[in-house]
Structures are given as structure tokens and as C-alpha cells.
Amino acid sequence: MNSLLATPPIPPHFYEHFRLSPSRSMSSVNPSGNRKRKAEDDTPPSDHDIRMSASPSNSPAFSPRPLPPSRQIKRSRPNISGRPLALPRLLETLDTDALRSVLRSLCDRHPELGTEVVHTAPRPSVSSALQVLNNYQSTLQSSFPLGGNSSSDYAYNRVRQHITNLLEALNDFTPHFLPPNELQVSTSLSYLDGATEILHRLPRWDTPQHNLEKDAAYEEMAKAWVLVIREAGKRGGGIQLQYGGWDQKLSKHNQTTGGKLQEAVNALSSSLCWMGGHQDSSTGQGPDPSSIRQQLLSGTYGSGLPLKVGPW
């Protein structure tokens with residue numbers, strides 16, 4: 001009993017240097033114990049015992065590792081196969097000519113669709129219409145044979161179809177810019193000025209019969225000029241014909257055609273003379289001071305007439 005009391009206590013830091021297995025008894029480390037240790041106590045601890053006895057927080061096997069970021073792995077389609085393009089992508093691949101061809105084909109097969117396109121599409125402008133006519137003219141000029149006589153029958157046969165295409169386009173565009181379809185006189189005059197200039201560029205042929213198509217086109221163009229001029233005379237007394245130098249432009253066109261637009265020149269002269277704003281290109285004289293227009297502008301209208309009051 002005295003010997004047990006004389007045994008000094010085990011200091012606390014002793015346990016920090018010795019890790020005890022959970023299966024061992026605290027009495028096995030007592031140096032003064034009388035019990036013998038078993039044989040298995042003498043065997044060194046295995047790696048498994050060391051890992052189990054170690055603290056999870058200090059063991060490298062249980063150290064926290066950062067988880068890899070979640071990745072979305074795209075799996076290949078198991079049943080991939082060819083398929084046609086969607087309509088928006090298909091339209092992106094078509095050029096202007098291809099789109100026109102597709103649209104024309106659809107309108108031919110479905111007339112009601114053509115009517116919808118006519119009412120939905122914006123009205124063609126003067127510049128766009130003249131651009132189309134210039135394209136036909138360029139195609140015509142590039143079709144002439146190299147060398148030789150450009151006004152011969154051989155050259156005419158080479159470009160005959162292109163002349164027909166240009167004249168047909170001219171016949172289709174001209175009524176669109178005439179009243180009552182076109183209400184703006186300035187728009188009509190601008191188109192006729194450009195279309196007449198394109199008509200001048202058609203070649204003259206050695207064979208008079210080949211020139212009949214161009215002469216007939218000049219006759220139709222003269223009628224279009226007369227229609228627009230007379231319509232302008234009904235609106236505001238033809239005041240719009242005073243601006244833009246239309247009398248000089250039309251006179252120049254008439255000289256180029258050899259007098260084939262004389263009817264239009266006469267109609268324009270009549271409107272300008274009534275207004276008193278026409279200047280005779282041959283004499284260089286200005287407007288007549290006795291015209292109604294000049295009297296209204298100068299404030300002398302009716303000054304020479306006797307003043308009458310009351311009934312006749």
C-alpha cells in the first residue's frame with residue numbers, strides 16, 4: 001500500500017510523446033505494474049494502427065483537398081445526320097439575282113402573293129428606275145463585236161435582243177411615272193429627262209429598217225412629255241414649269257432627236273407663254289411685260305381698264 005502511494009504520478013506532457021492505440025490499456029504503460037504484457041503488445045504498431053490512432057485533423061491522409069471545378073462536358077450527338085438549312089440561313093446565301101428569281105417564281109405559282117408584293121413593296125424612285133435602264137444600256141454596249149462597223153447588220157444582229165430588253169423596260173417604267181399614277185410633276189419631268197437621255201444612246205444603223213424601233217420609242221416619249229406638261233398646266237397655272245430650266249432641256253432633247261419631240265416643245269412653249277415667263281431662245285428676248293403674270297408681279301394688272309361700278 002505504501003509502495004503504491006510512493007509511486008509518482010505521470011506528468012501530462014508524457015502523453016504528447018506517446019500515442020496510445022485504442023486497444024491498449026492504460027496499465028500497460030505503468031512501469032510499476034505487476035501484470036505482464038502480452039506478446040502482441042511487443043509487436044510494433046502497423047501502418048493501419050498508426051493511421052487509425054492519428055488525429056484526423058493532423059493526418060495527411062485526411063487533409064482537405066480542393067474539389068475540382070465542375071465542368072460541363074459536351075457530349076457528341078449520337079445520331080448526327082445531314083439536314084437542310086433553315087430559311088433565314090438560306091436567304092443569307094442568296095444574292096440579288098437569286099432572290100429576284102425565287103420571288104418571281106413564287107409569284108408566278110401564287111398570283112395572290114404577287115398582288116401582296118405589289119402593295120407591300122415601296123414605290124420605285126426615279127434613281128432606281130434609271131439605274132435599271134442604265135444597266136440594260138451597259139449590257140447592250142458590252143455586247144457589240146470587237147472591231148468592224150458598229151452600225152452594220154452584223155452588229156445589229158448581235159445586240160438585237162439587248163435592244164429589245166431595254167425598250168421593253170422603258171415601256172414598262174414610263175407609265176409608272178406619268179399622271180395620274182404619279183402626282184408630283186417634278187418627279188415625272190425628272191424621269192422623262194433621264195429616260196430620254198438613255199434613249200439617245202441607242203445606236204443608229206446603216207439599214208433604215210433597224211431604226212424604226214428607236215423612232216417609235218421617240219414618239220412614245222414625246223407623248224409622255226406632252227401629258228406631263230399639260231397636267232402641270234392644270235395645277236397652279238403651270239408654275240412648276242418655270243423652274244428647273246425644262247424649256248432648255250426639252251429643246252436640247254428635241255435637237256438631238258432631229259425634231260421628233262417638237263410636239264412636246266410646242267406644248268411647253270404654250271404653257272410658258274400663257275404665264276409670260278418664256279424666253280425665246282432664238283431672239284433672246286425676255287418675258288412679255290404685258291403678260292398676265294408680269295402684270296400681277298408688278299402690280300399693274302387692270303391699271304389700263306376703265307373702272308366700272310354697278311351692273312352693266
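At 42% relative accessibility, Arg204 counts as partly exposed, because buried means under 20% relative accessible area, exposed means over 50%, and partly exposed lies in between (1.4 Å probe, protein chains only). This is a predicted model, in which local features need pLDDT of at least 70 and side-chain atom pairs count only at pLDDT 80 or more, while totals for chains, interfaces and linings use all residues. Residues are numbered from 1 along each chain as its sequence is written, and side-chain values use heavy atoms, with hydrogens and water left out.

**Exercise 1. Describe the chain as a whole: how many helices and strands does it have?**

Step 1: Count the elements: there are 14 helices and zero strands.

Step 2: Of the 312 residues, 24% count as buried.

Step 3: Take the contacts between residues at least 6 apart in sequence; 59% of them join residues at least 24 apart.

**Exercise 2. Characterise the packing of H6 and H7.**

Step 1: Two packed helices are described by the angle between their axes and the distance between the axes. Axes are lines fitted to C-alpha atoms, for helices over the stretch in contact, and angles run from 0 to 180 degrees between N-to-C directions.

Step 2: For H6 (residues 96–109) and H7 (residues 111–120), the angle is about 125 degrees and the axes are 5 Å apart.

Step 3: That makes H6 oblique to H7, because angles under 35 degrees count as roughly parallel, over 145 as roughly antiparallel, 65 to 115 as roughly perpendicular and the rest as oblique.

Step 4: H6 makes the contact with Leu103, Leu106, Cys107, Asp108 and Arg109, and H7 with Pro111, Leu113, Gly114 and Val117.

Step 5: Sorted by class, the contact has six nonpolar, one polar and two charged residues. Here Ala, Val, Leu, Ile, Met, Phe, Trp, Tyr, Cys and Pro count as nonpolar, Asp, Glu, Lys and Arg as charged, and the others, Gly among them, as polar.

**Exercise 3. Check the span of H8, then find which of its residues are buried.**

Step 1: H8 (residues 126–142) has 17 residues and reaches 24 Å from its first C-alpha to its last, close to the 24 Å expected at 1.5 Å a residue. The expected span is 1.5 Å times one less than the number of residues.

Step 2: The buried residues of H8 are Val126, Ala129, Leu130, Leu133, Gln137 and Leu140.

Step 3: Seen down the axis of H8, these buried residues fall within an arc of 95 degrees, so they line one face of the helix. The arc is that of the directions from the helix axis to the C-beta atoms.

Step 4: On the face turned away from the buried side, H8 carries the exposed residues Ser127 and Ser142.

Step 5: The buried residues of H8 pack against helix H9 (153–173) and helix H10 (185–200).

**Exercise 4. Which residues does a cis peptide bond join?**

Step 1: The bond joins Pro179 and Pro180, with omega about 5 degrees.

Step 2: Pro180 lies in the loop between H9 and H10.

**Exercise 5. Are His253 and Asn157 buried or exposed?**

Step 1: His253, in helix H12 (residues 246–257), is buried, with a relative accessible area of 5%.

Step 2: Beyond its neighbours within four places in sequence, His253 is in contact with Asp193, Thr196, Glu197, His200, Trp225 and Leu261.

Step 3: Asn157, found in helix H9, is exposed at 53% relative accessible area.

Notes
Helix = DSSP H or I, 4+ residues; strand = E, 2+ residues; numbered from the N terminus. Contact = heavy atoms within 4.5 Å.
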